[in-house]
Amino acid sequence: MNRKAFTLIELLVVIAIIAILIGLLLPAVQKVREAAARMQCQNNLKQLGLALHNYHDQHGYFPPGALRSPASGAVTSFFTKFGVTTNNVRHSWAVFVLPFVEQGNVAALYNINADWASAANQQARETQMKVMICPSTPNGSNRFNEKTVNSLAIRAAGGDYAPNNGYGSGLEGAGLVDVRVSQARGGILQVNTSWSIPEIADGTSNTILLSEDAGRPDRYQAGRLISAGTQTDGGWADHDNEHVVHGFTADGVTSPGPCHTNCSNNNETYAFHQGGANHVMADGSVRFVSASMNIREFVKLITRIGEDLPNEN
């Protein structure tokens, strides 16, 4: 008689073969998925870079990395040129480019003459936008930063991109930067400062506008989740969204140190891409910078007028 079914041994062999094939396929699928996520992340940054350039074309300068108006006294002409006519308000760089990333509806909700954390701006700051989120980041767009401002508990939609607008003086004390760089440690999107393209003496292709600082409000160190929801500065509308390079040890615990990328997301460049992070350069291009780059060379990409082109060979 002909057999009509597998024997138990044959069935186990087939199952084992299928399991092996699945095991071989999973890493490939994960690599394809991460490649797609990394590409989307780069596309997001490309859109933000284009938005910053469109803003520059319209106004003649880039927006500030954050705007923090004086708590008392007359509002200066610098703040009025951004539409601020009152005192004691703070805003992120991102609120200025909303109309240029097809978020005019959110821009219409945002009141520039009310603080970012005020009730008047609650609906706008809690709006989650895909263009502000890297899809490689855990929890994706389901992240809110919660903090207390003026004794009020608020929350803000997360953002994975931020102005990397300088480097900390601690790097100088640790001997991790060249002396001539320290003469001009600031970048482009600085707090309460706006620069134009002609003022970028190091060249637009050699100077960073935006970097990834992903995962906030969760705290990550060297690829490990250390604590959930403990950071308070990652909201796209938060004036504290901007950061400077402090440098960490490889484990992400101690600063300053020689690691500039993917060691800590505590106000540092951090991405969930293997080996580095994405950045928008001042010429609008998106560039993946390796975490293995020497920090001396990395800070040269930050400075606007350091007269210090990086040597990447």
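This is a predicted model: local features need pLDDT of at least 70, side-chain atom pairs count only at pLDDT 80 or more; totals for chains, interfaces and linings use all residues.
Me: Which residues line the largest pocket?

Reply: The lining consists of Tyr 55, His 59, Lys 81, Phe 82, Val 95, Phe 96, Leu 98, Pro 99, Ala 107, Tyr 110 and Ile 112. Under the class rule, Lys 81 is the charged residue and His 59 the polar one.

Me: What volume has this largest pocket?

Reply: The volume of the largest pocket is about 180 Å³.

Me: And how many cavities of 30 Å³ or more does a search of the whole structure find?

Reply: The search returns 1 cavity of 30 Å³ or more. The largest cavity has a volume of about 40 Å³.

Me: What lines the largest cavity?

Reply: Gln 128, Met 129, Ile 133, Gly 140, Ser 141, Arg 143, Ala 157 and Gly 158 line the largest cavity. By class, this lining has 3 nonpolar, 4 polar and 1 charged residues.

Me: Turning to packing, which residues touch the most other members of the largest nonpolar core?

Reply: Those are Leu 48 and Trp 236, in a core of 46 residues. At least two residues of this core come from each of helix H1 (8–59), helix H2 (77–80), strand S4 (152–157) and strand S6 (208–212). H1 supplies the largest share, 6 residues.

Me: What does the second, separate core include?

Reply: The second core has 14 residues, among them Val 177, Ile 208, Met 281 and Val 299.

Me: How many residues apart in sequence are Ile 17 and Gln 122, and what is the C-alpha to C-alpha value in space?

Reply: Ile 17 and Gln 122 are separated by 105 residues in sequence and by 55 Å in space, C-alpha to C-alpha.

Me: Now the sheet. In what order do the 5 strands of the open sheet stand?

Reply: The order is S9-S5-S6-S10-S11, with mixed pairing. Strand S9 (243–245) and strand S11 (286–290) are the edge strands, each pairing on one side only. On average, neighbouring strands of this sheet are turned by 45 degrees against each other, direction ignored.

Me: In which sense do S6 and S10 pair, and over how many bridges?

Reply: S6 and strand S10 (residues 276–281) pair in the antiparallel sense, over 3 bridges. Leu 210 has Val 280 in S10 as its bridge partner.

Me: And S5 with S6, in which sense do these pair?

Reply: Strand S5 (residues 161–167) pairs with S6 in the antiparallel sense, over 3 bridges. Opposite Ala 162 stands Ser 211 of S6.

Me: How many residues of S6 are buried?

Reply: In S6, 5 of its 5 residues are buried.

Definitions and conventions. Residues are numbered from 1 along each chain as its sequence is written. Side-chain values use heavy atoms; hydrogens and water are left out. A nonpolar core is a set of buried Ala, Val, Leu, Ile, Met, Phe, Trp, Tyr and Cys residues joined through side-chain atoms within 4.5 Å. Buried means under 20% relative accessible area, exposed over 50%, partly exposed in between (1.4 Å probe, protein chains only). Helices (H or I, at least four residues) and strands (E, at least two) are DSSP runs, numbered from the N terminus. On a 1 Å grid over the protein atoms alone, a cavity is a set of points where a 1.4 Å probe fits but cannot get out, and a pocket is an open set with protein on both sides within 12 Å along at least five of seven lines; lining residues have an atom within 4 Å of a point. Grid points are joined across faces, edges and corners, and a volume is the space filled by probe spheres set on the points. Two strands pair if DSSP finds at least two bridges between them. Axes are lines fitted to C-alpha atoms, for helices over the stretch in contact, and angles run from 0 to 180 degrees between N-to-C directions.
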